[in-house]
Amino acid sequence: MTKAVEVGIIMGSQSDWPTMKEAAKILDELGIAYEAKIVSAHRTPDRLWTYGKEAAGRGLKVIIAGAGGAAHLPGMMASKTRVPVIGVPVQTKALSGVDSLYSILQMPKGFPVATMAIGAAGAANAGLMAAGILAISDAALADKLEAWREALSASIPDEPSDD
Ligand code: RP5
């Protein structure tokens, strides 16, 4: 039986996918069912509207939204659905992603976006944050997430090496 999709990964452009793939990789590792879609606040506003309108009814529990530059996608999605939105500021060439970060972070009171770090680390952490949210009501996932975290800790050497 295929698992119901619980996480939506959305991004403003195909060019965001190399970054957003880091979130997808984490969800794959933890066995969390997700979908990945291109939904642009500026280029496909109707698609954004429909996605937000249908998200809760389709059973999505978390949305991870990545965009760069004038990164309005996460905030607009948060304005359209009560499903928690985790924002990933994609690194840009012109302003190194600080533009994306500020665009996503400074939401007005009432419509929050949980904003991650700029770039690949932020995308991976978005996957882990989504897992943490889902693990609140999924004991098997909670065990997997604990094991993932322990494995990461165990992989860190005690001392630096020259190799
Ligand atoms: C944003 O504009 C996208 O999220 C992307 O990060 C940025 C550039 O998009 P492309 O011109 O590469 O399609 O909407």
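Why does Val88 count as buried? Val88 has 37 C-beta neighbours inside 10 Å, so it counts as buried (20 or more other C-beta atoms within 10 Å of its own; exposed means 12 or fewer, partly exposed in between, and C-beta atoms are placed from the backbone). Before we tour the close-ups, note that this is a predicted model, in which local features need pLDDT of at least 70 and side-chain atom pairs count only at pLDDT 80 or more, while totals for chains, interfaces and linings use all residues. Residues are numbered from 1 along each chain as its sequence is written.

**View 1**
Val88 belongs to strand S4 (strands are DSSP runs of E with at least two residues, helices are runs of H or I with at least four, and both are numbered from the N terminus). Neighbours within four places in sequence aside, Val88 is in contact with Thr19, Met20, Ala23, Ile64, Ala65, Gly66, Met116, Gly122, Ala123 and Ala126 (contact means C-beta atoms, placed from the backbone, within 7 Å). Val113 is 25 residues from Val88 in sequence, with 9.6 Å between their C-alpha atoms.

**View 1. Helix H1 and its buried residues.**
Which residues of H1 are buried? They are Thr19, Met20, Ala23, Ala24, Ile26 and Leu27. These buried residues pack against strands S1 (7–11), S2 (34–38), S3 (62–68) and S4 (85–90), and against helix H5 (120–135).

**View 2. Where H1 meets H5.**
The two helices pack at an angle of about 30°, their axes 7 Å apart (axes are lines fitted to C-alpha atoms, for helices over the stretch in contact, and angles run from 0 to 180 degrees between N-to-C directions). From H1, Thr19, Met20, Glu22, Ala23, Ile26 and Leu27 meet Ala120, Ala123, Ala124, Ala126, Gly127, Leu128, Ala130 and Ala131 of H5. By class, this contact has 11 nonpolar, two polar and one charged residues (Ala, Val, Leu, Ile, Met, Phe, Trp, Tyr, Cys and Pro count as nonpolar, Asp, Glu, Lys and Arg as charged, and the others, Gly among them, as polar).

Glu29 sits in helix H1 and is partly exposed, because it has 13 C-beta neighbours inside 10 Å. Its C-alpha atom is separated by 26 Å from that of Gly57, 28 residues apart along the chain. Just after H1, Gly31 takes a positive phi of about 70°. Gly31 lies in the loop between H1 and S2 and is exposed, with 11 other C-beta atoms within 10 Å. Leu141 is 110 residues from Gly31 along the chain, yet their C-alpha atoms are separated by 8.2 Å.

Which residues are around the ligand? They are Gly12, Ser13, Ser15, Asp16, Ser40, His42, Ala67, Gly68, Gly69 and Val90 (near means a C-beta atom, placed from the backbone, within 6 Å of the molecule or strand). The shell has two nonpolar, seven polar and one charged residues.

**View 3. Ser96 in its loop.**
Ser96 is not a glycine, although it has a positive phi of about 60°. Ser96 lies in the loop between S4 and helix H4 (98–105), and counts as exposed because it has 12 C-beta neighbours inside 10 Å. Gly69 and Ser96 are 27 residues apart in sequence and 9.0 Å apart in space, C-alpha to C-alpha.

Key: Two residues are in contact if their C-beta atoms, placed from the backbone, lie within 7 Å.
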